[in-house]
Amino acid sequence: MIVLAEGAIFWILKDGLVKFWFDNWDHTGPLYNTASVIADHRVIDFVRDGVWDQNLLNQSLHSVVVSQVSQISPPSFHANDDMVWSLSSTDKFSMSSPSPSEKSKEILLGVCGYLALKYSFKGFFFHSSVLI
């Protein structure tokens, strides 16, 4: 359940505070699968003076992945990165559906709780009444 949920999430970079290795911000999946040495970094750590730090990228990633990353605009905005839910036509995570079963509600609540903990959303909580 959690693996499916995480596979449906990607990030649009703005401030670059998402995890470089573990969050899907390049739309191909987490980059930890592409490297043998992984340290705890944010995407913004790989940006210098508003552009990708090519030396650091080349030290950390295979050249093919460096090319992919270089095609993405580096984070530079003073706003939070946007989480996108790819299983929705609106790109927004939604708890609503035509008439979700009780099991579906339980799964969604579990996924929401997991995401809240993983991404440390402040004030992010769910009550069963939200799942109508």
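Asp-40 counts as exposed in this predicted model, because its relative accessibility reaches 61%, a value over the 50% that marks an exposed residue. The side chain of Asp-40 meets that of Lys-19 in a salt bridge, with 3.9 Å from N to O. Both partners, Asp-40 and Lys-19, lie in the loop between β1 and β2, and the pair links distant parts of the chain that are 21 residues apart. Lys-19, with a relative accessibility of 27%, counts as partly exposed.

Asp-23 is found in the loop between β1 (9–12) and β2 (47–48). Asp-23 counts as buried, because its relative accessibility is 3%, and buried means under 20%.

Side chains of opposite charge can pair when their charged atoms come close. In the model the count of salt bridges comes to three. One of them joins the side chains of Lys-14 and Asp-82, at 2.8 Å from N to O. Because Lys-14 lies in the loop between β1 and β2 whereas Asp-82 belongs to strand β4 (residues 82–85), this pair ties together parts that are 68 residues apart in sequence. Lys-14 is partly exposed at 23% relative accessibility, and Asp-82 is likewise partly exposed, at 27%. Another salt bridge is formed where the side chains of Asp-53 and Arg-48 meet, at 3.6 Å from N to O. In this pair Asp-53 counts as buried, with 15% relative accessibility, while Arg-48 is partly exposed, with a relative accessible area of 42%.

The loop between β1 and β2 also holds Arg-42, which is partly exposed at 35% relative accessibility. Once the neighbours within four places in sequence are left aside, Arg-42 is in contact with Gly-16, Leu-17, Val-18, Lys-19 and Phe-20. For one of these residues, Gly-16, the C-alpha atom is separated from that of Arg-42 by 6.6 Å, although the two residues are 26 apart along the chain.

Aromatic side chains were examined next. A search of the whole structure finds five aromatic pairs. Among them, Phe-20 and Phe-46 form a stacked pair, with 3.7 Å from centre to centre and 15° between the planes. Phe-20 and Phe-46 both lie in the loop between β1 and β2, so that the pair ties together parts that are 26 residues apart in sequence. Phe-20 is buried, and Phe-46 is buried as well. These two residues belong to one aromatic cluster, formed by Phe-20, Trp-21, Trp-25, Phe-46 and Trp-52.

Helix α3 (residues 63–70) has Val-65, Val-66 and Val-69 as its buried residues. Seen down the axis of α3, these buried residues fall within an arc of 105°, and they therefore line one face of the helix. The elements that cover the buried residues of α3 include β3 (51–52) and α2 (54–60).

For the chain as a whole, the secondary structure comes to four helices and four strands, which follow the pattern α-β-β-β-α-α-β-α when read along the sequence. Of the 132 residues of the chain, 33% count as buried. Among contacts between residues at least 6 apart in sequence, 55% join residues that are at least 24 apart.

The confidence of the prediction is described by a mean pLDDT of 74 for the chain, with 58% of its residues reaching 70 or more. Over residues 97–101 the pLDDT is below 50, and this stretch has one contact in the model beyond near neighbours in sequence. Over residues 122–132 the pLDDT is again below 50, and that stretch has nine contacts in the model beyond near neighbours in sequence.

Key. Residues numbered from 1 in each chain as written. Predicted model: local features only at pLDDT ≥ 70, side-chain atom pairs only at ≥ 80, totals over all residues. Heavy atoms only, no water. Helix = DSSP H or I, 4+ residues; strand = E, 2+ residues; numbered from the N terminus. Buried < 20%, exposed > 50% of the residue type's maximum accessible area, 1.4 Å probe, protein only. Arc of directions from axis to C-beta. Contact = heavy atoms within 4.5 Å. Salt bridge = Lys/Arg side-chain N within 4 Å of Asp/Glu carboxyl O. Phe/Tyr/Trp six-rings, centres within 6.5 Å; stacked < 30°, edge-to-face > 60°. pLDDT = per-residue confidence, 0-100.
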